[in-house]
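Student: Could you show me how to read contacts and helix packing in a model like this one?

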Amino acid sequence: MVDDGYEDMVNIDISSVVIEAMQKKYTNRPQLKYMKMDVREMSGFDSHSFNAVIDKGTLDSLLCGHNSRQNAAKMLEEVGRVLKDKGIYILITYGAPSYRSNLLKEVGSWTIKLHVIEKLVGKSEHLWELTNPVPLDNEGSSTETLLGRNPDVHYIYVCTKVG
Ligand SMILES: C[S@@+](CC[C@H](N)C(=O)[O-])C[C@H]1O[C@@H](n2cnc3c(N)ncnc32)[C@H](O)[C@@H]1O
């Protein structure tokens, strides 16, 4: 993203090992700031201060631990708080709509578009165009009908905060 012109990016992780490793890896990218922080309690950030939040695997990680539902709700509340109105939360996850849609709808006020990217890029059979949103109904059954059961994809939820 820095190479595409994004100048001001803050990256957080709860692990100081991760933060130190990333700082070391990207010393040549001063546009990337790294901070050790718990995504459930981002009091170091003002409300309404970010245009976008990108999450690849962090919500998934919380959902694998103890008190998963409560921790996920805390995280999503904090994401909603730090985003500006009409800000975007991009959630990249293993979770199909039947596991993620209700959670997203319960915590926060979003309009949600779902995209999918195949895990094995370059396969001869192409399942779905990344830029084309997958129709999303309440139960997630529309996705199953269109893509089949357990499709080999990563799910990308593009959630716009309704101000
Ligand atoms: C699946 S990894 C994804 C890492 C990175 N986003 C990537 O795509 O390579 C999940 C990360 O979430 C971090 N994590 C887990 N719980 C967290 C929390 N409460 N606050 C911030 N980061 C957390 C872990 O330390 C881990 O680095």
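Tutor: Gladly! Let's begin with a definition: a polar contact is a pair of N or O atoms within 3.5 Å. Keep in mind that this is a predicted model.

Student: Which backbone atom lies 2.9 Å from a nitrogen atom of the ligand?

Tutor: That is a backbone N or O atom of Val-39. Asp-38 also lies 2.9 Å from a nitrogen atom of the ligand, here through a polar side-chain atom. On the side chain of Lys-56, an N or O atom is 2.4 Å from an oxygen atom of the ligand.

Student: How many residues surround the ligand?

Tutor: There are 13, and the closest are Asp-13, Ile-14, Asp-38, Val-39 and Lys-56.

Student: Now the helices, please. What describes two packed helices?

Tutor: The angle between their axes and the distance between the axes. Here, helix H3 (residues 68-82) packs with helix H4 (residues 97-106) at about 55°, and their axes are 10 Å apart. H3 and H4 are therefore oblique to each other.

Student: Is the crossing of H3 and H4 left-handed or right-handed?

Tutor: Their crossing is right-handed.

Student: Which residues meet there?

Tutor: H3 contributes Arg-69, Ala-72 and Leu-76, which meet Leu-103, Leu-104 and Glu-106 of H4. By class, the residues of this contact are 4 nonpolar and 2 charged, with no polar ones.

Methods:
Residues numbered from 1 in each chain as written. Predicted model: local features only at pLDDT ≥ 70, side-chain atom pairs only at ≥ 80, totals over all residues. Heavy atoms only, no water. Axes fitted to C-alpha atoms, helices over the stretch in contact; angles between N-to-C directions. Helix = DSSP H or I, 4+ residues; strand = E, 2+ residues; numbered from the N terminus. Parallel < 35°, antiparallel > 145°, perpendicular 65-115°, else oblique. Left-handed = near helix turned anticlockwise from the far one by under 90°. Contact = heavy atoms within 4.5 Å. Nonpolar A, V, L, I, M, F, W, Y, C, P; charged D, E, K, R; others polar. Near = heavy atom within 4 Å. Polar contact = N/O pair within 3.5 Å; in protein donor to acceptor, adjacent residues only side chain to side chain.
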